[in-house]
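Here is a structure to walk through, part by part. Start with its overall layout, then turn to the details.

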Amino acid sequence: MIDQLATWLRNSQSTVAFTGAGISTESGIPDFRSPGGIWENSTPVLFDDFVASEASRIEYWRQKSEAHREYFDAKPNVGHQVLARWQGEGILDRVITQNIDGLHQAAGSKDVLEIHGTAREVACLECSWRGGASRWVDEFIETGVPPCCPGCHGPLKHATISFGQMLDADTLRQCGRLAASCDLFLAMGSSLVVHPAAGLPEAAKRGGAKLVIINRCETDFDSVADLVINGSLGETLGQVDELLKTPGGQ
Ligand code: CNA
């Protein structure tokens, strides 16, 4: 299977990597749905509740402040590094990620499409103001008061897409176009249950791409994939990378 993937990568004119929380577990950031994942310990604050109530905004900021250091102290792992290098070498066109941790960019990936936004910034819900997240997390930890926009005093929220919040239409359109026009689509470290992001592997298949799924657990899309590798991403991408580096290997 590793050989097959290396061959397809070599022969592909346009490869897209689509990643989920599973690519960052080896950097120490828990995913949502694995045992011990984030949803075992907390319930997400829905977007409408965040907008409607101060109590929900406090709970939101409490959860985000708890997770903040974990995200900020994390370093890219071999999976992120291999993808960044492949892009530099022309093996991979683009990374689309559901992750909000910024680790693809930290590894050197360029023009990453972040479908669910980024936890590295906060954004005002009422004007276009954005800024680095750390200052506002520190302020919340000190005061216990959810922060407001320094410009218009609207509520500040991480620049991520909460449950019930609209995705950025332009980002989603770009992702759809890339999925539909690539010839190899690698879906990695995602349970593929969160829509509309989980529709991208299907869009890739409809557009004629080969679909490869690399994930520890089975997914609902395994039956339509051209290749499924159930294993650790760091290990799998590392092995494929070794094959690609071997002259005449694939
Ligand atoms: P998920 O539903 O938690 O699925 C993760 C999948 O990855 C699971 O099926 C695991 O089996 C698999 N997995 C975990 N570790 C590995 C590994 N080392 N190698 C291979 N497979 C592994 O997460 P999704 O990304 O599918 O769900 C989308 C959500 C998760 C998005 O909204 C994200 O913003 C959100 N999320 C992001 C982060 C992050 O930014 N690092 C962390 C937690 C959740």
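The C-alpha centres of domain 1 and domain 2 lie 28 Å apart. Domain 1 takes in 1–28 + 77–115 + 167–250, and domain 2 takes in 30–73 + 117–160. These bounds come from an automatic or database domain assignment.

The model is predicted: local features need pLDDT of at least 70, side-chain atom pairs count only at pLDDT 80 or more, and totals for chains, interfaces and linings use all residues. Residues are numbered from 1 along each chain as its sequence is written, and side-chain values use heavy atoms, with hydrogens and water left out.

Now look at where the domains meet. In domain 1, 14 residues are in contact (heavy atoms within 4.5 Å) with 11 residues of domain 2. Together the two domains bury about 950 Å², 55% of it on carbon and sulfur atoms. Buried area here is the accessible area (1.4 Å probe) that two parts lose on being put together, summed over both. The side of domain 1 that touches domain 2 has 6 nonpolar, 6 polar and 2 charged residues. Ala, Val, Leu, Ile, Met, Phe, Trp, Tyr, Cys and Pro count as nonpolar; Asp, Glu, Lys and Arg count as charged; the others, Gly among them, are polar. The interface has 0 salt bridges, meaning a side-chain nitrogen of Lys or Arg within 4 Å of a carboxyl oxygen of Asp or Glu.

Finally, turn to the cysteines. How many disulfides are there by the rule? The count is 0, with a disulfide taken as a pair of cysteine sulfur atoms within 2.5 Å. C124 is in no disulfide, and the nearest cysteine sulfur, that of C152, is 3.5 Å away.
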